[in-house]
Every structure is written in structure tokens, then in C-alpha cells.
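Dear colleague,

Please find the structure below, together with its sequence.

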Amino acid sequence: YENRQIGIQAAYNTRVAGNTIQNQTNTFSTGLSMFGGASASRNVVSGNYDGISFSGGGDVTENRVYDNDRYGITGAGAIDRNVVYSNATNINAGSGSAIRNNLLYASVDYGIFLASSNGQVLGNTVYATSGDAIRIQGNSSNVRVRNNILWATVGDALSVAADSQSGFASDFNLFQTTGSGAVGLW
């Protein structure tokens, strides 16, 4: 709580579990920073610039991540069964990510954002009250979007940029739109 830069940092096959990580004081602080295959499970992370940041594999499972200024969860790997809300972007996923069975809502920009990626988005529930539920751009390819519930009230439920349509596949998703929300942008 209220560390200057990083709440907890872990590396190399470490599992960080069961912590409450809040309110790091530096403008660009990270609540939980992991690399080299470190993983996070059952943590509560809030009030930072980025909530959970990870690289080099690992997984982020069953965490509650909310009220971070930029990203709730950012990185590449398995992102599974988290509750993520009230961040600018709830999940910013890198290449090769498997984003599965998460509950995401109240993001400012994107529920799930993929750029330069080839990940899978499977079985998530995303409620976008502003911005897009899922946004894919930046020369992403071979992205799979399947079995999700996507609800947009202002932006698009599913938005795929022209540079990211190669190998894209979407099936068995449920779409709900209200207000000025749209099913998709292709």
C-alpha cells in the first residue's frame, strides 16, 4: 500500500497470491509487476497507474482488478477468470494471449484491447458503458473470438481494424446493444 513505484514485483516462476495491492504513489506506478513466467492469483489490485503487468509467460488468474488509471491487466499469457472493472482499458493483451472466462465492465476505452497480437478471446462477459467491448488493431492476425457475451452502450461490441482482419475468426458470441452502441465495426 502506497509504495513509491511498484507494490509487488515478482520473477521467474513465482506465484503471487492472496494480496491486497493498492495506491502506489508514483504517477506511472504498477500495483503488481511480473516477468519471466511469474503468475498472479486471487489478488485485489486497485488505485495504481497499471494494475497487473506481466511478461515472459505466466498466468493471471482469479484476481479482482479495478480503478487503475490506464490498464487493469496488461501483458501476454493466460488471463483467466478475473473480475476487472473501472480501468481505462480493462485488459491490454499481448501476442499469444489466451483471455478466458473473465468478467469485464465499466472500462473507459476498451474492455479487451489487442494490438500486434494473435491471441484467443474465449468465454468472457464484457459490458462496455463507454468505448468498445473488444478492439483489435495494430496488425493483429489469427485472432479467435468465441463464446463471449458482448454488450455495448456507446461504442462497438466488436471492432476489428482493417489491418487486423487476416485470419480473424468469430463464432458463437452473443451481442447486446443499447443506446448508440453497435454490434461491430469491420
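Two strands are taken to pair if DSSP finds at least two bridges between them. Strands themselves are DSSP runs (E, at least two residues), numbered from the N terminus. By that criterion, strand S22 (residues 156-160) and S25 run parallel and are joined by 3 bridges. Within this pairing, Leu-158 has Gly-184 of S25 as its bridge partner.

Before going further, please note that this is a predicted model, in which local features need pLDDT of at least 70, side-chain atom pairs count only at pLDDT 80 or more, and totals for chains, interfaces and linings use all residues. Residues are numbered from 1 along each chain as its sequence is written, and side-chain values use heavy atoms, with hydrogens and water left out.

The two sheets

S22 and S25 belong to an open sheet of 9 strands with parallel pairing, in the order S1-S4-S7-S10-S13-S16-S19-S22-S25. Its edge strands, each pairing on one side only, are S1 (6-11) and S25 (182-185). On average, neighbouring strands of this sheet are turned by 5° against each other, direction ignored (axes are lines fitted to C-alpha atoms, and angles run from 0 to 180 degrees between N-to-C directions).

A further open sheet has 8 strands, again with parallel pairing, ordered S3-S6-S9-S12-S15-S18-S21-S24. Here S3 and S24 (174-177) are the edge strands, and each pairs on one side only. Strand S21 (residues 149-152) pairs with S24 in the parallel sense over 4 bridges, and Ile-149 stands opposite Leu-174 in S24.

Aromatic pairs

The structure holds 7 aromatic pairs. Rings of Phe, Tyr and Trp (its six-membered ring) pair if their centres lie within 6.5 Å; planes under 30 degrees apart count as stacked, over 60 as edge-to-face and the rest as tilted. One of the pairs is Tyr-12 with Phe-35, edge-to-face at 5.6 Å centre to centre and 85° between the planes. Tyr-12 lies in the loop between S1 and strand S2 (15-17) and Phe-35 in strand S4 (residues 30-35), so this pair ties together parts that are 23 residues apart in sequence. Tyr-12 is exposed, at a relative accessible area of 60%, while Phe-35 is partly exposed at 31% (buried means under 20% relative accessible area, exposed over 50%, partly exposed in between, with a 1.4 Å probe and protein chains only).

Phe-28 and Tyr-49 are also edge-to-face, with 5.0 Å centre to centre and 85° between the planes.

Two loop residues

Gly-57 is found in the loop between S7 and strand S8 (59-61) and is partly exposed, with a relative accessible area of 27%. Leaving aside neighbours within four places in sequence, Gly-57 is in contact (heavy atoms within 4.5 Å) with Gly-37, Ala-38 and Ala-76.

Ser-164, in the loop between S22 and strand S23 (169-171), is buried, with a relative accessible area of 1%. Its side chain makes a polar contact of 2.9 Å with that of Asp-163 (a pair of N or O atoms within 3.5 Å; within protein, one must be able to donate a hydrogen and the other to accept it, and residues adjacent in sequence count only if both atoms are side-chain atoms). A polar atom of the Ser-164 side chain also lies 3.4 Å from the backbone nitrogen of Asn-139.

Yours sincerely
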